[in-house]
Amino acid sequence: MKITSEHFSIKLNIQTGGADFEFPGGLYLKNTIASFQCNDHLIKSSGLSSHEVETEKIEDKIGKGLLIHFAHKNDSFRLTQYITLYHNKPFLLIGATGEKNNKEFQTNYFSPLSVTAANSGSGFIPGSKPRLLDMPFDNDNWTKALTVNWNDTAKIGTGYEFTSFYDYDTQNGVVIGSLTHDFWKTGIQYSIGNETGMLNTLVVYGGAATADNKIHPNAY
């Protein structure tokens with residue numbers, strides 16, 4: 001299934017359970033998945049045996065739009081991603097729910113959007129000066145936000161609550177962040193590739209409960 005607009009293109013693969021997101025100018029996230037932790041097991045949407053897509057028209061205080069249910073299941077688990085698109089709006093909303101044996105369960109890790117090399121996932125930021133924003137765990141110590149450059153030595157990290165990846169010269173890019181949660185912070189784990197503009201990992205997850213590595217200086 002593929003849906004396109006002037007702001008983005010979404011492709012849902014019912015064979016693999018993966019989702020592609022493409023944006024104007026060539027920026028993309030491909031083969032994204034969802035996942036959650038259940039006991040000691042990481043349940044991935046791509047690892048469940050069947051995948052199906054349903055859509056429904058919606059209207060709420062934001063406007064009129066389309067709600068996509070991208071469901072993944074096997075005999076024990078059901079993981080459903082919800083992608084909401086609004087008419088003439090340059091953004092989309094992504095959420096997810098999980099069930100075990102048709103019942104709710106508790107978890108301290110849930111990712112509605114993940115790009116991982118293990119799932120052949122990848123991301124790309126076009127332009128000559130791609131950047132990725134790494135926000136601190138909190139700002140009690142007036143910690144600076146980091147702008148990750150592909151020429152930097154550090155290639156991996158975890159930001160919190162939101163991030164942006166964009167081209168410094170044109171300022172064209174995408175912002176990803178949390179809209180609602182309760183007492184858990186949203187973590188954004190990333191790793192950048194050796195090739196300029198390539199993202200090897202981008203995992204947005206609920207359950208980030210600890211601060212950055214204390215051996216690093218505050219502004220790292």
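## Confidence

The mean pLDDT of the protein is 91, and 93% of its residues reach 70 or more; pLDDT is the predictor's confidence in each residue, from 0 to 100. This is a predicted model, in which local features need pLDDT of at least 70 and side-chain atom pairs count only at pLDDT 80 or more, while totals for chains, interfaces and linings use all residues. Residues are numbered from 1 along each chain as its sequence is written, and side-chain values use heavy atoms, with hydrogens and water left out.

Confidence is lowest in strand β14 (residues 156-160), with a mean of 90, and highest in strand β3 (residues 19-22), at 98.

## Overall form

The protein has zero helices and 18 strands. Helices (H or I, at least four residues) and strands (E, at least two) are DSSP runs, numbered from the N terminus.

The radius of gyration is 18 Å, close to the 17 Å that the globule rule gives for 220 residues, so the protein is as compact as a globular protein of that length. This radius is taken over C-alpha atoms, and the globule rule is 2.2 Å times the number of residues to the power 0.38. The C-alpha trace spans about 45 × 40 × 35 Å along its principal axes.

## The sheet from β6 to β9

Four strands form an open sheet in the order β6-β7-β8-β9, and their pairing is antiparallel; two strands pair if DSSP finds at least two bridges between them. β6 (50-59) and β9 are the edge strands with a single partner each, so one side of each has no neighbour in the sheet. From one strand to the next the twist averages 20°. Axes for such angles are lines fitted to C-alpha atoms, for helices over the stretch in contact, and angles run from 0 to 180 degrees between N-to-C directions.

Ten bridges join β6 to strand β7 (residues 64-73) in the antiparallel sense. Here H51 stands opposite H72 in β7.

## The sheet from β13 to β16

Another open sheet has four strands in the order β13-β12-β15-β16, with antiparallel pairing. Its edges are β13 (146-149) and β16, each of which pairs on one side only. The twist averages 20° from one strand to the next.

Strand β12 (residues 130-134) runs antiparallel to β13, and four bridges join them. D134 is placed opposite L146 in β13.

## The largest pocket

The largest pocket has a volume of about 1600 Å³. Of the 49 residues lining it, I94, G95, P112, G177 and S178 are the closest to its centre. On a 1 Å grid over the protein atoms alone, a pocket is an open set of points where a 1.4 Å probe fits, with protein on both sides within 12 Å along at least five of seven lines; lining residues have an atom within 4 Å of a point. Grid points are joined across faces, edges and corners, and a volume is the space filled by probe spheres set on the points.

β9 (92-100), β10 (110-115), β16 (173-177) and β18 (198-208) each give at least two residues to the lining. The largest share, eight residues, comes from β9.
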